[in-house]
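Student: Please take me through one part of this structure in close detail. I would like a single connected account, and after that a few words on what lies elsewhere in the chain.

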Amino acid sequence: MDESTEYILSLEMLGPFQLKIRGEFIPVESWKSHKALQLLKYLAARYEEKIPSDVLIDLLWTDKDYQAARANLHSTVYLLRKNLKTSGVDSSNQNWIRSSNNLYWLATSPALYLDLRHFNALYRQSEKLEAQDPQTSLQVSLQALELYRSGFLAEDLYLEWASPFREHYQNCYMQLVTHTCRLLLEHKQDFKRTAHICRTALRHEPCREDMHRILMQCLISQGRFPEAVLQYQHCSGLLRDEFGLEPSSETKALFEKVPTSFSFLQEVNEQTPCKQAALEAALISAKTHLQKTKQPLTLLIIELEQSV
């Protein structure tokens with residue numbers, strides 16, 4: 001969001017729903033009409049469209065007869081406009097909820113900030129720029145990723161109409177992640193930032209094997225071999241528990257690139273953030289070394305007591 005621009009109305013939907021009036025957060029929980037809030041969310045989700053009244057009736061009043069549902073729609077539109085006006089958003093005489101010929105839509109003027117609209121624009125721009133200007137494409141992609149706080153309307157997981165939108169935006173997000181990681185590695189060799197983006201993506205989709213693989217590659221490239229081993233084990237466990245599958249041959253081949261020597265154990269010292277994790281990785285690596293070489297191996301562990 002461009003902080004230099006003063007938006008009158010701000011709607012953020014890539015994550016928990018947020019409504020802001022001139023930058024000030026408005027708690028929608030205080031709204032008396034749940035239907036009015038759902039109507040606002042739906043019109044915002046389909047911001048480029050004019051929605052027939054019958055579609056809105058079928059969406060919000062499936063248990064009502066047509067005439068009663070039509071009257072409810074008119075009342076709900078009135079309440080929505082009233083709520084926006086009470087919140088101060090209509091002080092500019094901007095009619096945000098438009099209607100004509102039994103069609104309803106959200107007015108998308110320059111005074112409206114809608115994260116969906118900005119995300120989609122950045123997504124398309126990044127794709128368009130990739131071949132001719134990869135550096136600019138990377139910057140645009142990073143901006144788009146910042147807009148994705150979590151899934152579409154994260155608080156409405158069981159809202160039926162929101163499911164297709166949630167799936168669409170999550171797919172776009174994961175494509176952006178893949179695109180951004182590739183550009184970061186090819187043009188910046190920025191392993192640290194790429195790893196951070198992968199970890200964030202894995203919080204949204206823990207079983208994405210390609211994200212685990214990119215993260216492993218970043219860790220290996222930084223010489224962080226214990227973490228790469230643990231990442232492989234984590235990926236392997238998820239695939240086994242969720243799908244009954246093993247890692248792909250590509251992921252296994254990457255794991256084989258992790259050195260089986262113990263030179264990396266010198267990194268396990270008092271400054272190591274997680275010494276137990278590093279030790280576990282060492283044991284896994286020792287097992288791998290044994291499987292490869294078939295040679296006996298001795299692991300010596302010395303524990304020193306701290307002086308009081």
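**A close look at the sheet**

Tutor: Phe 25 touches Gln 18, Leu 19 and Lys 20, leaving aside residues up to four places away in sequence. Keep in mind that this is a predicted model. Phe 25 belongs to strand S3, residues 24-25. The cut-offs are under 20% for buried and over 50% for exposed. Now look from Phe 25 to Ser 10. They are 15 residues apart along the chain, and their C-alpha atoms are separated by 9.1 Å.

Next, the sheet as a whole. Four strands make it up, in the order S3-S2-S1-S7. The sheet is open, and its pairing is mixed. S3 and S7 stand at the edges. Each has a single partner strand, so one side of each is left without a neighbour in the sheet. Helix H4, residues 115-129, packs on this sheet and touches S1 and S7. The direction of H4 makes about 65° with that of S7.

Take strand S1, residues 9-12. Which residues of S1 are buried on each side? Leu 9 and Leu 11 are buried on one side, and Ser 10 and Glu 12 on the other.

S1 pairs with two strands, S2 and S7. With S2, residues 18-21, the pairing is antiparallel and has four bridges. Glu 12 has Gln 18 of S2 as its bridge partner. Gln 18 is also one of the residues that Phe 25 touches. The hairpin of S1 and S2 has five residues between the strands. In that hairpin, Gly 15 takes a positive phi near 135°.

With S7, residues 112-114, S1 runs parallel, and three bridges join them. Leu 11 has Leu 114 of S7 as its bridge partner. Ser 10 stands opposite Tyr 113 in S7.

Now the helices. H7 covers residues 191-204, which is 14 residues. It reaches 20 Å from first C-alpha to last, close to the 20 Å expected at 1.5 Å a residue. Its buried residues are Thr 194, Ala 195, Ile 197, Cys 198, Thr 200, Ala 201 and Leu 202. An α-helix has 3.6 residues a turn, so residues three or four places apart point the same way. What covers the buried residues of H7? The cover includes helices H5 (134-147), H6 (162-188), H8 (209-221) and H9 (225-243).

H8 also packs with helix H10, residues 249-256. The angle is about 15°, and the axes are 10 Å apart. That makes H8 roughly parallel to H10, because angles under 35 degrees count that way. The crossing of H8 and H10 is left-handed. From H8, the contact is made by Glu 209, Arg 213, Met 216, Gln 217 and Ile 220. From H10, it is made by Glu 250, Thr 251, Leu 254 and Phe 255.

Last, the chain overall. It has eleven helices and seven strands. Of its 308 residues, 45% are buried. Among contacts with a separation of 6 or more, 61% are between residues 24 or more positions apart.

Terms used:
Residues numbered from 1 in each chain as written. Predicted model: local features only at pLDDT ≥ 70, side-chain atom pairs only at ≥ 80, totals over all residues. Heavy atoms only, no water. Contact = heavy atoms within 4.5 Å. Expected span 1.5 Å × (residues − 1). Buried < 20%, exposed > 50% of the residue type's maximum accessible area, 1.4 Å probe, protein only. Pairing = 2+ DSSP bridges. Axes fitted to C-alpha atoms, helices over the stretch in contact; angles between N-to-C directions. Parallel < 35°, antiparallel > 145°, perpendicular 65-115°, else oblique. Left-handed = near helix turned anticlockwise from the far one by under 90°.
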